[in-house]
Protein chains: 2
Amino acid sequence: MPLEIPEVVIDRLPVYYRLLARLSYEGRAVVSSQELGEELGVTPAQIRKDLSYFGRFGKQGRGYSVPRLTEELRVILGLDTRWSVVVVGIGRLGRAIASYPGFEDQGFDIVALYDADRKVIGTEVAGVVVRDSGHLEDDLRQRPADIAVVAVPSTIAQEIADRLVHGGVRAILNYAPTRVVVPAGVELRHINPVLFLQSMTYHLKRTANRNLRAPEPLPRRDPSAEARPA
Amino acid sequence: MPLEIPEVVIDRLPVYYRLLARLSYEGRAVVSSQELGEELGVTPAQIRKDLSYFGRFGKQGRGYSVPRLTEELRVILGLDTRWSVVVVGIGRLGRAIASYPGFEDQGFDIVALYDADRKVIGTEVAGVVVRDSGHLEDDLRQRPADIAVVAVPSTIAQEIADRLVHGGVRAILNYAPTRVVVPAGVELRHINPVLFLQSMTYHLKRTANRNLRAPEPLPRRDPSAEARPA
């Protein structure tokens with residue numbers, strides 16, 4: 001396996017995996033880079049290039065074996081292992097994350113929840129008792145965790161990240177709306193709502209333009225007009 | 001402009017835009033699909049294909065004009081307009097979103113905040129007074145909004161989405177950890193933490209494997225060993 005795989009390729013792998021897992025569930029044996037590309041709106045060349053980083057999965061002209069590629073991606077992405085996750089900040093978001101139904105199925109076990117609020121400490125969320133975030137480092141020393149989800153207010157996000165790293169956590173998913181910094185070797189993802197909004201305004205703008213063009217000879221509500229080649 | 005552009009291409013445009021805006025800010029005049037591809041870890045062919053959906057920006061062998069492509073993407077993505085955003089659910093997450101420093105710069109104006117909690121209604125967050133979510137539809141009729149961010153508990157996410165759509169909102173960014181359904185013509189994005197976690201476990205697994213292989217002849221901390229071709 002080459003040392004340097006572009007980060008964006010790695011970020012695309014979960015999307016490939018999700019599609020392949022679905023095809024696998026549907027009993028599909030083989031899939032072409034063409035079809036994967038169509039489903040994901042990516043060129044077949046890009047698909048082949050992305051997957052080529054991880055070895056020779058496909059056979060020229062015969063496509064990829066769906067069960068084999070699914071399993072290989074599962075192993076590559078580390079989804080054949082279980083990962084322990086702590087959530088820091090048990091406000092509404094942290095509470096929602098702790099109750100998220102998708103984690104356990106995908107190999108992510110929420111092992112501990114932390115908050116600083118006396119009213120929240122000791123309460124139970126999704127079967128886990130919220131602990132005092134003052135104990136974070138001690139707890140992590142006794143029972144290491146792989147990943148932390150940070151859902152605290154912006155003002156303390158960096159401090160919490162520092163303490164998590166100090167406690168040996170090597171991956172942080174930051175929901176706090178501020179950028180935090182971690183040392184090399186620690187994985188960090190920010191959930192940035194602006195990028196999501198920007199992909200929606202593209203559509204809003206198109207619809208708005210369409211509305212502005214409303215008094216056209218062909219009424220837009222007539223489906224045959226939509227289907228007619230331009 | 002063709003009628004059907006794959007959704008994933010549109011989702012990539014904000015990432016292109018962000019890179020181009022940076023290059024533009026740095027005073028760059030021209031950029032090649034090769035260089036864009038290297039920065040983003042995408043093949044130059046994919047870049048050219050993605051951008052070709054929106055007309056002929058590049059000149060063969062001369063690259064793209066950075067200011068022009070930045071401006072065109074800005075217009076395509078609808079970032080030359082201001083968009084009004086309401087946030088529903090002013091718990092810690094909603095509060096954090098309302099205070100997010102990145103929205104206003106990018107053309108997103110948070111015009112109203114809503115919550116159902118009597119203790120929260122009437123308080124001010126980032127200069128906006130939280131209103132009773134019971135008034136949502138009435139308010140939207142009087143003062144339409146383009147986009148809503150939903151940060152309510154899962155149990156009421158669908159109800160809130162229905163009411164927003166009823167009130168004329170045409171784009172919803174859902175943070176509630178449950179899938180909601182909206183009619184055709186309404187844009188919807190879910191923020192799914194599992195995909196983010198999966199792109200990090202790839203790295204965790206590699207590091208874990210490296211640690212397991214620790215007693216190797218070449219110490220991994222020696223940078224020259226890292227640089228040596230395998």
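Q: Which residue is the bridge partner of A:Ala148 in β8(A)?
A: The bridge partner is A:Ile172. Do keep in mind, as we go on, that this is a predicted model.

Q: What makes strand β7 and strand β8 of chain A a pair?
A: Pairing takes at least two bridges between the strands. Strand β7 (residues 147-150) and strand β8 (residues 171-174) of chain A have four bridges, in the parallel sense, so they count as a pair by the rule of at least two bridges.

Q: Why is the sheet of chain A called open, and which strands stand at its edges?
A: The seven strands of chain A follow the order β5-β6-β4-β3-β7-β8-β9, with mixed pairing. In chain A, β5 (124-125) and β9 (187-190) each have a single partner strand, so one side of each has no neighbour in the sheet.

Q: How do you know that strand β4 and strand β6 of chain B are joined?
A: Strand β4 (residues 108-115) and strand β6 (residues 128-132) of chain B run parallel and share three bridges. At least two bridges are needed, so the three bridges are enough to call them a pair. Within β6(B), B:Val130 is the bridge partner of B:Leu113.

Q: What makes B:Asp80 and A:Lys205 a salt bridge?
A: The cut-off is 4 Å between a side-chain nitrogen of Lys or Arg and a carboxyl oxygen of Asp or Glu. For B:Asp80 and A:Lys205, the closest N and O atoms are 3.1 Å apart, so the pair qualifies under the 4 Å limit. Across the interface of chain B and chain A, the rule finds two salt bridges, and over all chains the count comes to 32.

Q: What about A:Arg74 and A:Glu71, and how are they placed in their helix?
A: Their side chains also meet in a salt bridge, at 3.1 Å from N to O. A:Arg74 and A:Glu71 are three residues apart in helix α4 (residues 66-76) of chain A, which means about one helical turn separates them.

Q: How do you know that chain B and chain A are in contact, and how much area do they bury?
A: Contact needs heavy atoms within 4.5 Å, and 73 residues of chain B are in contact with 72 residues of chain A. Between them the chains bury about 6800 Å², 67% of it on carbon and sulfur atoms. In chain B, the residues that lose the most area to chain A are B:Arg92, B:Tyr202 and B:Leu204, together 11% of what that side buries.

Q: How many residue pairs are in polar contact across this interface, and what is the side of chain B made of?
A: The rule finds 19 residue pairs in polar contact, both residues at pLDDT 80 or more. Helix α9 (residues 193-212) of chain B gives the largest share of the side that touches chain A, 17 residues. By class, that side of chain B has 42 nonpolar, 14 polar and 17 charged residues.

Q: Why is the relation of chain B to chain A that of a two-fold axis?
A: Chain B superposes on chain A by a rotation of 180 degrees with 0.0 Å of shift along the axis, at an RMSD of 0.0 Å. That is the relation of a two-fold axis. B:Leu93 is the residue of chain B that comes closest to the rotation axis, at 2.7 Å (C-alpha).

Q: How do you know that the copies meet through the same surface?
A: Of the interface residues of chain B, 99% are also interface residues in chain A, so the copies meet through the same surface.

Note on methods
Residues are numbered from 1 along each chain as its sequence is written. Chains are lettered from A and ligands numbered from 1 in the order in which they are written. This is a predicted model: local features need pLDDT of at least 70, side-chain atom pairs count only at pLDDT 80 or more; totals for chains, interfaces and linings use all residues. Side-chain values use heavy atoms; hydrogens and water are left out. Helices (H or I, at least four residues) and strands (E, at least two) are DSSP runs, numbered from the N terminus. Buried area is the accessible area (1.4 Å probe) that two parts lose on being put together, summed over both. A polar contact is a pair of N or O atoms within 3.5 Å; within protein, one must be able to donate a hydrogen and the other to accept it, and residues adjacent in sequence count only if both atoms are side-chain atoms. Ala, Val, Leu, Ile, Met, Phe, Trp, Tyr, Cys and Pro count as nonpolar, Asp, Glu, Lys and Arg as charged, and the others, Gly among them, as polar. Copies are superposed by least squares on the C-alpha atoms of residues with pLDDT of at least 70 in both.
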